[in-house]
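Please look at the sequence and the structure shown below. The paragraphs that follow lead through them step by step.

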Amino acid sequence: MVPDYSRRALLRKAFYAAAASGLAPVLAACNSSSSSSSSNTGATPTSGASSGAPELNIPLGRLAGISDLGSPDPFTQIAVPAGFAIRAIATSQLPVQTPAASAPMSSYRWHSFPDGGACYTRPEGGWIYTSNAEVPQLPLGGCGAISFNAAGETEAAYPILTGTRQNCAGGKTPWNTWVSCEEVRDGLCFECDPYNESEGIAKPSLGLFPHEAIAVDPIHNVIYLTEDTGDGRFYRWLADPSDIQPDGRLAMENGTLQVLNIAGLEDGGYETDDSALKQLRPVSWRDVIQPDKAQPDVRSEIESAGANPPGTVFDGGEGLWYYELAAGDIPAGGHTATRGVIFFTTKGDNRVWALDIENDLLELIFDNSQIEPDFGDVDNLTVSPWGDVIVAEDPPQAPSSRIMVVLPNQQARPLVEVFHPGSEITGPAFSPDGSRLYFSSQRRNGTGETYELRLPDALLL
(Lines give C-alpha, C1' and ligand atoms only; values in the text may rest on other atoms or scores of the structure.)
Protein backbone atom coordinates (compact mmCIF):
# COMPACT_ATOMS: atom_id res chain seq x y z
CA MET A 1 0.00 0.00 0.00
CA VAL A 2 0.96 3.53 -0.27
CA PRO A 3 0.42 5.36 3.02
CA ASP A 4 0.26 9.16 3.06
CA TYR A 5 3.54 10.77 2.08
CA SER A 6 4.24 12.35 5.47
CA ARG A 7 4.05 9.00 7.22
CA ARG A 8 6.09 7.30 4.51
CA ALA A 9 8.79 9.96 4.87
CA LEU A 10 8.80 9.48 8.64
CA LEU A 11 9.19 5.72 8.29
CA ARG A 12 11.96 6.12 5.73
CA LYS A 13 13.77 8.41 8.17
CA ALA A 14 13.33 5.78 10.88
CA PHE A 15 14.73 3.12 8.56
CA TYR A 16 17.94 4.99 7.88
CA ALA A 17 18.32 5.90 11.56
CA ALA A 18 17.99 2.22 12.48
CA ALA A 19 20.50 1.19 9.83
CA ALA A 20 22.98 3.76 11.09
CA SER A 21 22.74 2.34 14.60
CA GLY A 22 23.39 -1.19 13.39
CA LEU A 23 19.86 -2.53 13.75
CA ALA A 24 18.38 -4.93 11.24
CA PRO A 25 16.68 -3.21 8.27
CA VAL A 26 13.45 -1.47 9.14
CA LEU A 27 10.44 -1.91 6.93
CA ALA A 28 8.03 0.78 5.94
CA ALA A 29 4.38 0.59 6.85
CA CYS A 30 2.50 -1.34 4.22
CA ASN A 31 -1.18 -1.93 4.71
CA SER A 32 -1.13 -5.54 3.63
CA SER A 33 -3.70 -7.99 2.71
CA SER A 34 -3.66 -11.64 2.08
CA SER A 35 -5.66 -13.00 -0.81
CA SER A 36 -6.52 -16.44 -2.06
CA SER A 37 -9.52 -18.59 -2.86
CA SER A 38 -11.99 -20.55 -0.82
CA SER A 39 -15.49 -21.92 -0.96
CA ASN A 40 -18.53 -21.64 1.24
CA THR A 41 -18.52 -24.49 3.78
CA GLY A 42 -20.64 -23.96 6.83
CA ALA A 43 -22.04 -20.48 6.29
CA THR A 44 -25.24 -19.95 8.24
CA PRO A 45 -27.62 -16.96 8.04
CA THR A 46 -27.73 -14.83 4.91
CA SER A 47 -27.31 -11.11 4.39
CA GLY A 48 -30.98 -10.78 3.56
CA ALA A 49 -31.04 -10.37 -0.25
CA SER A 50 -33.29 -12.65 -2.30
CA SER A 51 -33.31 -13.84 -5.89
CA GLY A 52 -33.51 -10.86 -8.25
CA ALA A 53 -32.56 -8.45 -5.45
CA PRO A 54 -30.36 -5.40 -6.15
CA GLU A 55 -27.77 -6.74 -3.68
CA LEU A 56 -25.74 -9.94 -3.78
CA ASN A 57 -27.06 -12.70 -1.51
CA ILE A 58 -23.87 -13.37 0.46
CA PRO A 59 -24.29 -15.89 3.32
CA LEU A 60 -22.88 -14.96 6.71
CA GLY A 61 -20.34 -17.21 8.42
CA ARG A 62 -19.82 -18.50 11.93
CA LEU A 63 -18.12 -15.34 13.18
CA ALA A 64 -21.17 -13.14 12.54
CA GLY A 65 -22.45 -13.69 16.08
CA ILE A 66 -19.24 -13.30 18.11
CA SER A 67 -19.44 -11.63 21.51
CA ASP A 68 -18.03 -8.23 22.42
CA LEU A 69 -14.30 -7.82 22.96
CA GLY A 70 -12.88 -8.37 26.43
CA SER A 71 -10.06 -6.48 28.15
CA PRO A 72 -6.66 -6.41 26.43
CA ASP A 73 -4.36 -9.33 27.16
CA PRO A 74 -1.63 -8.01 29.51
CA PHE A 75 1.22 -9.58 27.50
CA THR A 76 0.18 -8.75 23.95
CA GLN A 77 -2.08 -5.75 24.63
CA ILE A 78 -4.64 -7.27 22.27
CA ALA A 79 -8.38 -7.58 23.06
CA VAL A 80 -10.34 -10.58 21.75
CA PRO A 81 -13.85 -12.01 22.39
CA ALA A 82 -14.53 -14.44 25.25
CA GLY A 83 -13.32 -17.96 24.48
CA PHE A 84 -10.61 -16.81 22.03
CA ALA A 85 -6.91 -16.94 22.95
CA ILE A 86 -4.02 -14.80 21.69
CA ARG A 87 -0.25 -15.35 21.72
CA ALA A 88 2.85 -14.00 19.97
CA ILE A 89 4.67 -16.46 17.71
CA ALA A 90 7.45 -14.34 16.18
CA THR A 91 9.14 -11.02 16.95
CA SER A 92 10.89 -9.07 14.23
CA GLN A 93 14.72 -9.16 14.22
CA LEU A 94 14.75 -12.17 16.58
CA PRO A 95 15.02 -15.91 15.85
CA VAL A 96 11.68 -17.72 15.88
CA GLN A 97 11.10 -20.15 18.74
CA THR A 98 10.74 -23.69 17.34
CA PRO A 99 9.67 -25.96 20.23
CA ALA A 100 8.72 -28.80 17.85
CA ALA A 101 12.20 -28.89 16.25
CA SER A 102 15.49 -30.32 17.47
CA ALA A 103 16.85 -26.78 17.90
CA PRO A 104 14.92 -24.37 20.15
CA MET A 105 15.38 -21.41 17.79
CA SER A 106 15.44 -20.91 14.03
CA SER A 107 18.55 -19.61 12.31
CA TYR A 108 16.24 -17.25 10.41
CA ARG A 109 15.51 -13.98 12.15
CA TRP A 110 11.92 -12.93 11.63
CA HIS A 111 11.78 -10.02 9.21
CA SER A 112 10.97 -6.46 10.20
CA PHE A 113 7.53 -5.00 9.49
CA PRO A 114 5.74 -8.28 8.62
CA ASP A 115 2.99 -7.81 6.08
CA GLY A 116 0.65 -9.79 3.79
CA GLY A 117 0.36 -13.53 4.36
CA ALA A 118 -1.44 -16.82 3.71
CA CYS A 119 -1.62 -20.39 5.06
CA TYR A 120 -0.83 -23.70 3.35
CA THR A 121 -1.52 -27.32 4.24
CA ARG A 122 1.58 -29.50 4.74
CA PRO A 123 1.43 -33.01 3.22
CA GLU A 124 2.83 -34.51 6.43
CA GLY A 125 0.26 -32.69 8.57
CA GLY A 126 0.18 -29.17 9.94
CA TRP A 127 0.47 -25.97 7.95
CA ILE A 128 2.69 -23.06 6.90
CA TYR A 129 2.14 -19.32 7.33
CA THR A 130 3.88 -16.96 4.92
CA SER A 131 4.54 -13.29 5.68
CA ASN A 132 5.83 -10.51 3.44
CA ALA A 133 8.40 -7.89 4.43
CA GLU A 134 8.56 -4.32 3.13
CA VAL A 135 11.51 -1.92 3.06
CA PRO A 136 11.06 1.53 1.45
CA GLN A 137 12.93 2.24 -1.77
CA LEU A 138 15.74 -0.26 -1.18
CA PRO A 139 15.83 -3.87 -2.48
CA LEU A 140 15.75 -5.35 1.03
CA GLY A 141 12.22 -6.71 1.09
CA GLY A 142 11.05 -10.28 0.64
CA CYS A 143 8.98 -12.94 2.39
CA GLY A 144 9.42 -15.41 5.25
CA ALA A 145 7.55 -18.53 6.36
CA ILE A 146 6.78 -20.34 9.62
CA SER A 147 6.01 -24.06 9.57
CA PHE A 148 3.72 -25.73 12.17
CA ASN A 149 3.14 -29.41 12.92
CA ALA A 150 -0.33 -30.97 13.19
CA ALA A 151 -0.60 -29.86 16.82
CA GLY A 152 0.06 -26.24 15.85
CA GLU A 153 3.58 -26.19 17.32
CA THR A 154 6.28 -24.25 15.47
CA GLU A 155 8.85 -26.42 13.70
CA ALA A 156 10.78 -24.06 11.43
CA ALA A 157 11.13 -20.55 10.01
CA TYR A 158 12.92 -19.62 6.78
CA PRO A 159 13.00 -17.09 3.90
CA ILE A 160 11.23 -17.76 0.59
CA LEU A 161 12.08 -14.46 -1.15
CA THR A 162 14.81 -11.87 -0.61
CA GLY A 163 16.20 -8.74 -2.29
CA THR A 164 12.93 -7.30 -3.57
CA ARG A 165 11.26 -3.91 -3.04
CA GLN A 166 8.48 -3.00 -0.61
CA ASN A 167 6.76 -6.37 -0.56
CA CYS A 168 3.34 -5.45 0.75
CA ALA A 169 0.74 -8.13 0.13
CA GLY A 170 0.11 -10.76 -2.52
CA GLY A 171 -1.99 -13.88 -2.79
CA LYS A 172 -2.17 -17.65 -2.51
CA THR A 173 -2.63 -19.61 -5.73
CA PRO A 174 -4.84 -22.73 -6.06
CA TRP A 175 -1.63 -24.70 -6.82
CA ASN A 176 -0.20 -23.69 -3.43
CA THR A 177 2.38 -21.06 -4.27
CA TRP A 178 2.58 -17.55 -2.81
CA VAL A 179 2.64 -14.49 -5.08
CA SER A 180 4.47 -11.64 -3.35
CA CYS A 181 3.78 -8.14 -4.68
CA GLU A 182 6.04 -5.09 -4.82
CA GLU A 183 4.32 -1.82 -3.99
CA VAL A 184 6.43 0.56 -6.04
CA ARG A 185 5.69 2.51 -9.23
CA ASP A 186 6.99 -0.26 -11.50
CA GLY A 187 6.31 -3.07 -9.03
CA LEU A 188 6.47 -6.73 -10.01
CA CYS A 189 4.83 -9.92 -8.74
CA PHE A 190 7.03 -12.84 -7.65
CA GLU A 191 5.86 -16.46 -7.42
CA CYS A 192 7.34 -18.18 -4.35
CA ASP A 193 7.51 -21.72 -2.94
CA PRO A 194 6.21 -21.57 0.66
CA TYR A 195 7.39 -25.10 1.47
CA ASN A 196 11.13 -24.58 1.08
CA GLU A 197 13.81 -21.96 1.63
CA SER A 198 13.99 -20.52 -1.86
CA GLU A 199 13.77 -17.47 -4.11
CA GLY A 200 10.74 -16.30 -6.05
CA ILE A 201 10.40 -15.87 -9.82
CA ALA A 202 9.30 -12.53 -11.29
CA LYS A 203 6.09 -12.52 -13.36
CA PRO A 204 6.13 -9.27 -15.39
CA SER A 205 3.11 -10.36 -17.43
CA LEU A 206 0.96 -9.49 -14.38
CA GLY A 207 1.77 -5.83 -14.91
CA LEU A 208 4.06 -3.11 -13.59
CA PHE A 209 2.39 -0.84 -11.02
CA PRO A 210 2.16 -0.39 -7.23
CA HIS A 211 0.85 -3.90 -6.62
CA GLU A 212 -1.07 -4.70 -3.47
CA ALA A 213 -2.70 -8.11 -3.76
CA ILE A 214 -3.77 -10.82 -6.22
CA ALA A 215 -6.47 -13.50 -6.24
CA VAL A 216 -6.94 -16.36 -8.69
CA ASP A 217 -10.22 -17.51 -10.24
CA PRO A 218 -9.35 -21.14 -11.13
CA ILE A 219 -12.57 -21.73 -13.06
CA HIS A 220 -11.89 -19.07 -15.70
CA ASN A 221 -8.07 -18.93 -15.41
CA VAL A 222 -8.18 -15.27 -14.41
CA ILE A 223 -6.07 -13.38 -11.87
CA TYR A 224 -7.46 -10.24 -10.21
CA LEU A 225 -5.12 -7.51 -8.93
CA THR A 226 -5.38 -4.33 -6.84
CA GLU A 227 -3.27 -1.20 -7.28
CA ASP A 228 -2.40 0.84 -4.21
CA THR A 229 -2.36 4.45 -5.30
CA GLY A 230 -4.93 7.24 -5.18
CA ASP A 231 -5.73 7.12 -8.91
CA GLY A 232 -5.32 3.34 -9.13
CA ARG A 233 -7.31 0.84 -11.15
CA PHE A 234 -8.75 -2.61 -10.53
CA TYR A 235 -7.20 -5.20 -12.85
CA ARG A 236 -7.69 -8.68 -14.16
CA TRP A 237 -5.24 -10.83 -16.11
CA LEU A 238 -6.62 -13.37 -18.60
CA ALA A 239 -4.33 -16.34 -19.18
CA ASP A 240 -3.59 -17.22 -22.80
CA PRO A 241 -4.32 -20.88 -23.65
CA SER A 242 -0.55 -21.43 -23.95
CA ASP A 243 -0.10 -20.28 -20.34
CA ILE A 244 -2.30 -23.02 -18.87
CA GLN A 245 -0.17 -25.99 -17.80
CA PRO A 246 -1.28 -29.66 -18.15
CA ASP A 247 -1.95 -29.83 -14.39
CA GLY A 248 -4.16 -26.72 -14.57
CA ARG A 249 -1.77 -24.28 -12.96
CA LEU A 250 -0.96 -20.98 -14.65
CA ALA A 251 2.59 -20.12 -15.65
CA MET A 252 1.62 -16.42 -15.31
CA GLU A 253 3.85 -15.56 -18.26
CA ASN A 254 1.46 -15.04 -21.17
CA GLY A 255 -1.85 -13.26 -20.81
CA THR A 256 -3.89 -10.09 -21.31
CA LEU A 257 -4.06 -7.37 -18.64
CA GLN A 258 -7.32 -5.42 -18.38
CA VAL A 259 -8.89 -2.72 -16.18
CA LEU A 260 -12.44 -2.54 -14.85
CA ASN A 261 -14.99 0.12 -15.77
CA ILE A 262 -18.13 0.72 -13.70
CA ALA A 263 -21.08 1.71 -15.89
CA GLY A 264 -21.38 5.50 -15.80
CA LEU A 265 -17.89 5.91 -14.30
CA GLU A 266 -15.80 4.79 -17.26
CA ASP A 267 -12.20 5.87 -17.94
CA GLY A 268 -11.25 8.05 -15.00
CA GLY A 269 -14.68 8.30 -13.36
CA TYR A 270 -15.07 8.17 -9.57
CA GLU A 271 -18.20 8.09 -7.40
CA THR A 272 -17.98 10.07 -4.15
CA ASP A 273 -21.42 9.02 -2.85
CA ASP A 274 -21.26 5.65 -1.07
CA SER A 275 -25.03 5.21 -1.24
CA ALA A 276 -24.93 5.33 -5.03
CA LEU A 277 -22.82 2.16 -4.99
CA LYS A 278 -24.90 0.11 -2.53
CA GLN A 279 -26.87 -1.50 -5.35
CA LEU A 280 -25.37 -3.68 -8.05
CA ARG A 281 -23.73 -1.81 -10.94
CA PRO A 282 -22.75 -3.45 -14.25
CA VAL A 283 -19.07 -3.44 -15.13
CA SER A 284 -17.00 -3.99 -18.27
CA TRP A 285 -13.31 -4.47 -19.01
CA ARG A 286 -10.77 -2.71 -21.26
CA ASP A 287 -7.32 -3.83 -22.30
CA VAL A 288 -4.49 -2.01 -20.54
CA ILE A 289 -2.50 0.37 -22.74
CA GLN A 290 1.20 -0.50 -22.90
CA PRO A 291 1.05 -3.27 -20.27
CA ASP A 292 4.84 -3.67 -20.38
CA LYS A 293 5.31 -0.14 -18.96
CA ALA A 294 4.71 1.21 -15.44
CA GLN A 295 1.00 2.04 -15.41
CA PRO A 296 1.25 5.27 -13.37
CA ASP A 297 3.59 6.58 -16.07
CA VAL A 298 1.28 5.43 -18.84
CA ARG A 299 -1.69 7.19 -17.24
CA SER A 300 0.35 10.39 -16.89
CA GLU A 301 1.31 10.27 -20.57
CA ILE A 302 -2.31 9.73 -21.64
CA GLU A 303 -3.54 12.59 -19.47
CA SER A 304 -0.78 14.88 -20.78
CA ALA A 305 -2.09 14.18 -24.28
CA GLY A 306 -5.54 15.37 -23.21
CA ALA A 307 -7.18 11.92 -23.08
CA ASN A 308 -8.63 9.80 -20.28
CA PRO A 309 -6.75 6.66 -19.19
CA PRO A 310 -8.89 3.51 -19.28
CA GLY A 311 -10.57 2.25 -16.14
CA THR A 312 -12.67 3.55 -13.26
CA VAL A 313 -10.61 5.07 -10.43
CA PHE A 314 -10.27 2.96 -7.26
CA ASP A 315 -8.72 4.98 -4.43
CA GLY A 316 -5.95 2.88 -2.91
CA GLY A 317 -6.68 -0.77 -3.72
CA GLU A 318 -5.83 -3.13 -0.86
CA GLY A 319 -6.97 -6.60 0.24
CA LEU A 320 -8.33 -9.07 -2.29
CA TRP A 321 -9.92 -12.53 -2.07
CA TYR A 322 -11.67 -14.99 -4.39
CA TYR A 323 -14.60 -16.88 -2.87
CA GLU A 324 -17.05 -19.43 -4.26
CA LEU A 325 -20.67 -19.53 -3.10
CA ALA A 326 -22.11 -23.01 -2.66
CA ALA A 327 -25.44 -22.02 -4.18
CA GLY A 328 -26.13 -18.48 -5.33
CA ASP A 329 -29.20 -16.62 -6.55
CA ILE A 330 -29.59 -14.77 -9.82
CA PRO A 331 -29.20 -11.10 -8.83
CA ALA A 332 -30.98 -8.15 -10.41
CA GLY A 333 -29.29 -7.44 -13.73
CA GLY A 334 -27.72 -10.89 -13.80
CA HIS A 335 -28.22 -13.77 -16.19
CA THR A 336 -27.03 -16.70 -14.05
CA ALA A 337 -26.63 -17.65 -10.40
CA THR A 338 -23.81 -15.95 -8.56
CA ARG A 339 -20.88 -18.35 -8.08
CA GLY A 340 -17.48 -16.68 -7.81
CA VAL A 341 -17.19 -13.44 -5.82
CA ILE A 342 -14.13 -11.20 -5.61
CA PHE A 343 -13.97 -9.20 -2.38
CA PHE A 344 -11.57 -6.24 -2.26
CA THR A 345 -10.95 -3.06 -0.29
CA THR A 346 -10.00 0.52 -1.13
CA LYS A 347 -8.45 2.45 1.73
CA GLY A 348 -8.73 6.01 0.40
CA ASP A 349 -12.52 5.92 0.77
CA ASN A 350 -12.86 3.06 3.32
CA ARG A 351 -14.86 0.79 1.05
CA VAL A 352 -15.27 -2.98 0.81
CA TRP A 353 -16.47 -4.24 -2.58
CA ALA A 354 -17.96 -7.48 -3.95
CA LEU A 355 -17.66 -8.37 -7.64
CA ASP A 356 -19.96 -11.04 -9.08
CA ILE A 357 -17.66 -12.66 -11.65
CA GLU A 358 -20.29 -14.54 -13.65
CA ASN A 359 -22.60 -11.55 -14.03
CA ASP A 360 -20.06 -8.69 -14.20
CA LEU A 361 -21.84 -6.85 -11.39
CA LEU A 362 -20.21 -4.81 -8.62
CA GLU A 363 -21.58 -3.78 -5.23
CA LEU A 364 -20.29 -1.77 -2.27
CA ILE A 365 -20.92 -3.95 0.82
CA PHE A 366 -19.24 -1.82 3.52
CA ASP A 367 -18.61 1.82 4.31
CA ASN A 368 -17.97 3.61 7.58
CA SER A 369 -21.68 3.97 8.33
CA GLN A 370 -21.48 0.28 9.34
CA ILE A 371 -19.04 0.52 12.24
CA GLU A 372 -18.48 2.75 15.27
CA PRO A 373 -16.02 4.37 15.60
CA ASP A 374 -15.10 4.78 11.93
CA PHE A 375 -12.40 2.57 10.48
CA GLY A 376 -9.20 4.58 9.93
CA ASP A 377 -8.32 2.83 6.67
CA VAL A 378 -9.67 -0.53 5.50
CA ASP A 379 -6.76 -2.71 4.52
CA ASN A 380 -6.00 -6.44 4.57
CA LEU A 381 -8.86 -8.74 3.63
CA THR A 382 -9.31 -12.47 4.02
CA VAL A 383 -12.27 -14.86 4.14
CA SER A 384 -12.74 -17.53 6.80
CA PRO A 385 -13.43 -21.18 5.88
CA TRP A 386 -17.10 -20.42 6.66
CA GLY A 387 -17.41 -17.33 4.49
CA ASP A 388 -16.80 -14.53 6.99
CA VAL A 389 -15.29 -11.47 5.27
CA ILE A 390 -12.47 -10.30 7.57
CA VAL A 391 -10.94 -6.83 7.14
CA ALA A 392 -8.02 -5.29 9.03
CA GLU A 393 -7.48 -1.63 9.85
CA ASP A 394 -4.56 0.68 9.20
CA PRO A 395 -5.41 3.77 11.24
CA PRO A 396 -3.17 6.70 10.23
CA GLN A 397 -3.36 8.23 13.71
CA ALA A 398 -5.06 6.18 16.41
CA PRO A 399 -4.15 4.44 19.66
CA SER A 400 -5.46 1.09 18.41
CA SER A 401 -6.30 -0.86 15.26
CA ARG A 402 -8.94 -3.52 14.65
CA ILE A 403 -9.90 -6.57 12.66
CA MET A 404 -13.61 -6.60 11.84
CA VAL A 405 -16.09 -9.14 10.52
CA VAL A 406 -17.90 -7.43 7.63
CA LEU A 407 -21.59 -8.28 7.47
CA PRO A 408 -22.64 -7.14 3.99
CA ASN A 409 -24.88 -4.07 4.27
CA GLN A 410 -25.20 -4.57 8.04
CA GLN A 411 -23.26 -3.40 11.10
CA ALA A 412 -19.77 -4.94 11.26
CA ARG A 413 -18.49 -6.83 14.32
CA PRO A 414 -15.00 -6.27 15.83
CA LEU A 415 -12.97 -9.49 16.13
CA VAL A 416 -9.65 -8.10 17.41
CA GLU A 417 -8.42 -4.77 18.77
CA VAL A 418 -4.68 -4.18 19.00
CA PHE A 419 -3.54 -1.46 21.43
CA HIS A 420 -0.19 -0.66 19.79
CA PRO A 421 -0.15 3.09 19.02
CA GLY A 422 1.39 3.89 15.65
CA SER A 423 1.07 0.33 14.34
CA GLU A 424 -1.34 -1.43 11.98
CA ILE A 425 -2.66 -4.94 11.52
CA THR A 426 -1.30 -6.90 8.56
CA GLY A 427 -1.41 -10.36 7.00
CA PRO A 428 -4.55 -12.00 8.44
CA ALA A 429 -4.83 -15.63 7.33
CA PHE A 430 -6.71 -18.64 8.71
CA SER A 431 -5.06 -22.00 9.23
CA PRO A 432 -6.52 -24.60 6.84
CA ASP A 433 -8.74 -26.07 9.57
CA GLY A 434 -9.96 -22.62 10.67
CA SER A 435 -8.75 -23.13 14.24
CA ARG A 436 -6.30 -20.21 14.13
CA LEU A 437 -6.05 -16.75 12.62
CA TYR A 438 -2.53 -15.40 12.06
CA PHE A 439 -1.76 -11.69 11.74
CA SER A 440 0.91 -9.14 12.61
CA SER A 441 1.13 -5.79 14.33
CA GLN A 442 3.49 -4.30 11.82
CA ARG A 443 5.29 -1.77 13.98
CA ARG A 444 4.94 -3.03 17.53
CA ASN A 445 8.13 -2.15 19.41
CA GLY A 446 9.33 -0.43 16.26
CA THR A 447 9.71 -3.39 13.90
CA GLY A 448 6.70 -5.65 14.36
CA GLU A 449 5.40 -8.86 15.89
CA THR A 450 3.31 -11.77 14.57
CA TYR A 451 0.43 -13.40 16.47
CA GLU A 452 -1.84 -16.42 16.56
CA LEU A 453 -5.51 -16.06 17.51
CA ARG A 454 -6.94 -19.40 18.65
CA LEU A 455 -10.67 -19.80 17.97
CA PRO A 456 -13.01 -21.55 20.45
CA ASP A 457 -13.55 -25.24 19.76
CA ALA A 458 -17.31 -24.64 19.72
CA LEU A 459 -16.93 -22.61 16.52
CA LEU A 460 -15.16 -25.47 14.77
CA LEU A 461 -17.74 -28.19 15.39
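**From a strand pair to the cores**

The strands β23 and β24 run antiparallel and are joined by four bridges. Strands (DSSP runs of E, at least two residues) and helices (DSSP runs of H or I, at least four residues) are numbered from the N terminus, and two strands pair if DSSP finds at least two bridges between them. Within this pair, Val383 has Val389 in β24 as its bridge partner. Strands of a sheet pair through backbone hydrogen bonds, either parallel or antiparallel.

This is a predicted model, in which local features need pLDDT of at least 70 and side-chain atom pairs count only at pLDDT 80 or more, while totals for chains, interfaces and linings use all residues. Residues are numbered from 1 along each chain as its sequence is written, and side-chain values use heavy atoms, with hydrogens and water left out.

The pair belongs to an open sheet of five strands, in the order β2-β26-β25-β24-β23, with antiparallel pairing. Its edge strands, each pairing on one side only, are β2 (78-79) and β23 (378-383). The chain as a whole has three helices and 29 strands.

Of the 461 residues of the chain, 61% are buried; buried means under 20% relative accessible area, exposed over 50%, and partly exposed in between, with a 1.4 Å probe and protein chains only. A nonpolar core is a set of buried Ala, Val, Leu, Ile, Met, Phe, Trp, Tyr and Cys residues joined through side-chain atoms within 4.5 Å. The largest such core has 25 residues, of which Leu63, Phe84, Ile403, Leu415, Val416, Phe439 and Leu453 touch the most other members. Two or more residues come from each of β24 (389-393), β25 (401-406), β26 (413-418), β27 (425-430), β28 (436-441) and β29 (449-454). The strand that gives the most is β26, with three residues. Apart from this core lies another, of 23 residues, including Phe375, Leu381, Met404 and Ala412.

What of the cysteines? A disulfide is a covalent bond between the sulfur atoms of two cysteines. Here a disulfide is counted for a pair of cysteine sulfur atoms within 2.5 Å, and the structure holds zero. Cys189 is in no disulfide, and the nearest cysteine sulfur, that of Cys181, is 3.7 Å away. Cys189 counts as buried because its relative accessibility is 0%.
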